[in-house]
Amino acid sequence: LGQLLAAEPQPLAWHALPAPANGAALDEWACTLARASGSLAAKERYAATLLADDSLLLRQLAACFDDAEDADDVETLRKLADVAKLVVLLNEPPLVEALLDEPLFEPLLGALEYAADLKRRHDAAGAPAPPPSPAKAD
């Protein structure tokens, strides 16, 4: 995901998002949304697309998460985590509101559990705590 966001921005032509039914479709989502992150107009358009038809694509994404988790498909779950982060990074208020409501919140949060970069931070959190800072005694 970091490589996608750090890549040189290319002109963004409108690209419809496929139904998130498999790994290839999720890769396409990740590439498309990462490219969109550099353009306010593109972010707004993709947010509107995700919210269209009563959030159909987002509900399909949530169903894809449920299916992948039931199948213990870690590769797909990691791709879903990348897509979930990119969706959040669109940072469009109506989209954020939709993501915080049921039935999208739990699958979105669940997908983030499989984010490799967040997992490393969590694992590091298991390390011994740093020494406490000196406290002023009263």
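Analyst: Accessible areas here come from the Shrake-Rupley method with a 1.4 Å probe. The model is a predicted one. On that basis the protein exposes about 8,600 Å².

User: What percentage of the residues count as buried?

Analyst: Buried means under 20% relative accessible area. The protein has 138 residues, and the buried share is 33%.

User: Among contacts between residues at least 6 apart in sequence, what percentage join residues at least 24 apart?

Analyst: Contact means heavy atoms within 4.5 Å. Among contacts in the protein that span at least 6 places in sequence, the share joining residues at least 24 apart is 67%.

User: Are helix 2 and helix 3 roughly parallel or antiparallel to each other?

Analyst: Helix 2 covers residues 23-36 and helix 3 covers residues 40-70. Their axes are 13 Å apart, at an angle of about 155°. Angles over 145 degrees count as roughly antiparallel. Helix 2 and helix 3 are therefore roughly antiparallel.

User: Which residues of helix 2 make the contact with helix 3, and how many residues of the contact are nonpolar?

Analyst: Helix 3 brings A42, K43, Y46, L50, L57, L61 and C64. Helix 2 brings L26, W29, T32, L33 and A36. One residue of this contact is polar and one is charged, while the nonpolar count is ten.

User: Are helix 3 and helix 4 roughly parallel or antiparallel?

Analyst: Helix 4 spans residues 74-89. Its axis comes within 11 Å of that of helix 3, and the two cross at roughly 155°. The crossing is left-handed. With that angle, helix 3 and helix 4 are therefore roughly antiparallel.

User: How do the residues of the contact of helix 3 with helix 4 divide?

Analyst: From helix 3 come K43, L50, L58, L61, C64, F65, A68 and E69. From helix 4 come T76, L77, L80, V83, V87 and L89. The contact divides into one polar, two charged and eleven nonpolar.

User: Are helix 2 and helix 4 roughly parallel or antiparallel?

Analyst: Their axes come within 9 Å and cross at roughly 25°. Angles under 35 degrees count as roughly parallel. Helix 2 and helix 4 are therefore roughly parallel.

User: Is V83 buried or exposed?

Analyst: V83 lies in helix 4. Leaving aside neighbours within four places in sequence, V83 is in contact with L26, W29, A30 and L61. Its relative accessibility is 0%, so V83 counts as buried.

User: How far apart in space are V83 and C31, C-alpha to C-alpha?

Analyst: In sequence, V83 and C31 are 52 residues apart. C-alpha to C-alpha, the distance is 9.1 Å.

User: Where is Y114 found, and which residues is Y114 in contact with?

Analyst: Y114 is in the loop between helix 6 (105-112) and helix 7 (116-125). At 24% relative accessibility, Y114 counts as partly exposed. Setting aside neighbours within four places in sequence, the contacts of Y114 are F65, E69, L77, R78 and A81.

How values were computed: Residues are numbered from 1 along each chain as its sequence is written. This is a predicted model: local features need pLDDT of at least 70, side-chain atom pairs count only at pLDDT 80 or more; totals for chains, interfaces and linings use all residues. Side-chain values use heavy atoms; hydrogens and water are left out. Axes are lines fitted to C-alpha atoms, for helices over the stretch in contact, and angles run from 0 to 180 degrees between N-to-C directions. Helices (H or I, at least four residues) and strands (E, at least two) are DSSP runs, numbered from the N terminus. Angles under 35 degrees count as roughly parallel, over 145 as roughly antiparallel, 65 to 115 as roughly perpendicular and the rest as oblique. Ala, Val, Leu, Ile, Met, Phe, Trp, Tyr, Cys and Pro count as nonpolar, Asp, Glu, Lys and Arg as charged, and the others, Gly among them, as polar. Buried means under 20% relative accessible area, exposed over 50%, partly exposed in between (1.4 Å probe, protein chains only). A crossing is left-handed if the near helix is turned anticlockwise from the far one by less than a right angle, and right-handed if clockwise.
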